[in-house]
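Trainee: Could you take me closely through a single part of this structure? I would like one connected account, from the packing down to single residues.

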Amino acid sequence: MTGSREHGRHLVRYWGMAFVLLYLVVEIVALVALGSAIGLGWTLLVLLAGSVIGLWLARREGVRAAQALAEAVSNRRVPTAELTDGVLVAAGGVLLFVPGLVTDLAGLLLLLPPTRGLVRRRLVKAAEERSPELRTARIRAQAPVVDGEVVDGEVVDPEPTPRPDRLIIEGTVVPGEPR
């Protein structure tokens, strides 16, 4: 058992190092390409502007996500979309802190409501495909919540009994005649 656990750790370490190496190569290629196209000064300005705009967007969208979550809770709705938006805004903020042009761009895209909505729908669809119970839970969560008490028991008389305060008239309705 220890051998397979040790093998798993080496595999995770290998893939982690491969991911970091790939990240570095992609970021360096993107920076060199942008620097070659617009120059070093403009590239630094783009990076600085992206960070400033991104931090402003992260703050604004984070506040909006928190307000939407509070509103959903106060209206007694299950806040699935609001929670997902909050997680995506947080992921966008984290990507802005990771150095690099590609991660800044990905973070900015997650902070923009239209692209965040697309990502949210894709994530929900993927999660529901992996676990169909999530779709059922989401559909049920969209229904109104009714306060009440559940009483366990057995229905003895399934036929409705006439109430004495209501008049029951039996007959047929003839089309064309005024009622």
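Mentor: Start with the convention for angles. Axes are lines fitted to C-alpha atoms, for helices over the stretch in contact, and angles run from 0 to 180 degrees between N-to-C directions. Keep in mind that this is a predicted model.

The part to look at is helix 2, residues 40-74. First, its setting. The protein chain has six helices and zero strands. Along the sequence, the pattern reads α-α-α-α-α-α. The chain has 179 residues, and 18% of them are buried. Take the contacts with a separation of 6 or more: 54% of them join residues 24 or more positions apart.

Now the packing against helix 3. Two packed helices are described by the angle between their axes and the distance between the axes. For helix 2 and helix 3, the angle is about 160° and the axes are 9 Å apart. Angles over 145 degrees count as roughly antiparallel. Helix 2 and helix 3 are therefore roughly antiparallel to each other. The crossing of helix 2 with helix 3 is left-handed. On the helix 2 side, the contact is made by Gly50, Gly54, Leu55, Ala58, Glu61, Gly62, Ala65, Ala68, Leu69 and Ala72. Helix 3 answers with Glu82, Leu83, Gly86, Val89, Leu96 and Phe97. By class, this contact of helix 2 with helix 3 has 10 nonpolar, four polar and two charged residues.

Next, helix 4, residues 101-111. Helix 2 and helix 4 pack at about 30°, with axes 10 Å apart. That angle makes helix 2 roughly parallel to helix 4. Helix 2 passes helix 4 in a left-handed crossing. Helix 2 supplies Val46, Leu47, Gly50, Ser51, Ile53, Gly54, Leu57, Ala58 and Glu61. They meet Leu101, Asp104, Leu108 and Leu111 of helix 4. The residues in the contact of helix 2 with helix 4 divide into eight nonpolar, three polar and two charged.

Then zoom in on Leu57. This residue lies in helix 2. Is Leu57 buried or exposed? With a relative accessibility of 6%, Leu57 counts as buried. Leaving aside residues up to four places away in sequence, Leu57 touches Gly62, Leu108, Leu111 and Leu112. Gly92 is 35 residues from Leu57 in sequence, and their C-alpha atoms are 9.5 Å apart.

Finally, follow the chain out of helix 2. The loop between helix 2 and helix 3 (80-97) holds Arg76. Most residues other than glycine have a negative phi, and most peptide bonds are trans. Arg76 is not a glycine, yet has a positive phi of about 60°. Its relative accessible area is 48%, so Arg76 is partly exposed. Ala81 and Arg121 are 40 residues apart in sequence, with a C-alpha to C-alpha distance of 9.1 Å.

To recap: helix 2 runs roughly antiparallel to helix 3 and roughly parallel to helix 4.

Conventions: Residues numbered from 1 in each chain as written. Predicted model: local features only at pLDDT ≥ 70, side-chain atom pairs only at ≥ 80, totals over all residues. Heavy atoms only, no water. Helix = DSSP H or I, 4+ residues; strand = E, 2+ residues; numbered from the N terminus. Parallel < 35°, antiparallel > 145°, perpendicular 65-115°, else oblique. Left-handed = near helix turned anticlockwise from the far one by under 90°. Contact = heavy atoms within 4.5 Å. Nonpolar A, V, L, I, M, F, W, Y, C, P; charged D, E, K, R; others polar. Buried < 20%, exposed > 50% of the residue type's maximum accessible area, 1.4 Å probe, protein only.
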